[in-house]
Amino acid sequence: MAVDAARSEEGFTSARAARVMSAACRLAGLDDGGAELIRLGENALFRLASTPVIVRVARGEEWLPKARIEVGVSRWLASENFPAARLVDGLEQLLLVDGHPVTFWRLIVEGDRKATYGELGGVLRDLHSMALPDGLELPLFNPFDKQELRISRAMIPEDDKLFLRKRWRELRDQYEALEFETPKGPVHGDAHVQNLMVNDQNEVILIDFEAFCFDHPEWDLMVTATEHHSLGWQTDEQYTAFVRAYGRDLYDWHGYDTLRRLQEFGMTTWLMQNVQEDQETAAEYRRRIAGLRNDDAPRDWRPR
């Protein structure tokens, strides 16, 4: 279903996302009064006050294939009773509102703790052991599929755009030279610990399926490996728990450095989409782009 509306030139801001969310709720028969923006990244996530629902608004129509993947993966994982986010039953999934894909998800009532890195390793081990069902077609992992769109739309200096496109071409050459020894299977595609939630029943729940793909498991291991070995975001104990639960340390693999560079590039272009939101985000973007320009410099990046 689509709603015709004049396109805004302001970009995907929190204000624009809120207007799309409100229109989608009206179509779905939901009350958006008091809705709270809880995250603005590749998507805007809103928690409704009137009912236990999360409304997920994608940045634009170009993200429609990703949203369809999310819907298909969620239904598959639900059929397997895998601990993962669930769509709201009885609503049309998905809507296209003013050029933005919108989906509706059951609210996960959080418990009193965060997921651990050991739990992340265990969830990924279980996910990678699964077989895809007939009829669920997933793409290969593509670390470049959204980069040109991000770069072209970002409100960053032109010199940064020129540098990022040059680095992108260099990384594509390195990517094409990678040789994997593992079989392909289901891959989350954005497997960091923030994409796990612990509900009020102490169950660990996997969320955020837009990057799901069918490829080598290394793509899921690179996130935590980079955060630890390059950025220092986990303690040695936390990373050891991750490796022990999964059964492998990607740092020992010959292709780790290429995956690290790809991960850092993606982290930077993801963040730069929101430089107009606040000064803290803009400052963090400047730290990250400076790090990309000097590959040997220490990474003082901060989680966002």
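**Exercise 1. In which helix is D160 found, and is D160 buried or exposed?**

*Solution.* Keep in mind as you work that this is a predicted model.

Step 1. Locate the residue: D160 belongs to helix α5.

Step 2. Check its accessibility. The relative accessible area of D160 is 9%. Buried means under 20%, so D160 counts as buried.

Step 3. List its neighbours. Leaving aside residues up to four places away in sequence, D160 touches Y285, I289 and R293.

Step 4. Look for a polar partner among them. The side chains of D160 and Y285 are joined by a polar contact of 2.8 Å.

**Exercise 2. Describe helix α9: its span, its start and its buried residues.**

*Solution.* Let's walk along the helix.

Step 1. Helix α9 covers residues 279-293, 15 residues in total. From first C-alpha to last it reaches 21 Å, close to the 21 Å expected at 1.5 Å a residue.

Step 2. Turn to the start of α9. There, a side-chain oxygen of D278 comes to within 3.2 Å of the backbone nitrogen of E280.

Step 3. Pick out the buried positions. These are T281, A282, E284, Y285, R288, I289, G291 and L292.

Step 4. Ask what covers them. The cover includes α5 (158-176) and α8 (256-272).

**Exercise 3. At what angle do helices α6 and α7 pack, and which residues make the contact?**

*Solution.* Start with the axes, then move to the side chains.

Step 1. Helix α6 (residues 218-229) packs on helix α7 (residues 236-246) at about 155°, and their axes are 10 Å apart.

Step 2. Angles over 145 degrees count as roughly antiparallel, so α6 is roughly antiparallel to α7.

Step 3. For handedness, the crossing of α6 and α7 is left-handed.

Step 4. On the α6 side, the contact is made by L221, T224, A225, H228 and H229, and on the α7 side by D236, Y239, F242 and Y246.

**Exercise 4. How do the axes of α3 and α6 cross, and which residues of each make the contact?**

Step 1. The axes of helix α3 (residues 117-128) and α6 cross at roughly 160° and come within 11 Å.

Step 2. That angle makes α3 roughly antiparallel to α6.

Step 3. The crossing of α3 past α6 is left-handed.

Step 4. From α3, the contact uses Y117, L120, L124, L127 and H128; from α6, D220, T224 and E227. Notice T224 of α6, which also takes part in the contact with α7.

Conventions: Residues numbered from 1 in each chain as written. Predicted model: local features only at pLDDT ≥ 70, side-chain atom pairs only at ≥ 80, totals over all residues. Heavy atoms only, no water. Helix = DSSP H or I, 4+ residues; strand = E, 2+ residues; numbered from the N terminus. Expected span 1.5 Å × (residues − 1). Buried < 20%, exposed > 50% of the residue type's maximum accessible area, 1.4 Å probe, protein only. Contact = heavy atoms within 4.5 Å. Polar contact = N/O pair within 3.5 Å; in protein donor to acceptor, adjacent residues only side chain to side chain. Axes fitted to C-alpha atoms, helices over the stretch in contact; angles between N-to-C directions. Parallel < 35°, antiparallel > 145°, perpendicular 65-115°, else oblique. Left-handed = near helix turned anticlockwise from the far one by under 90°.
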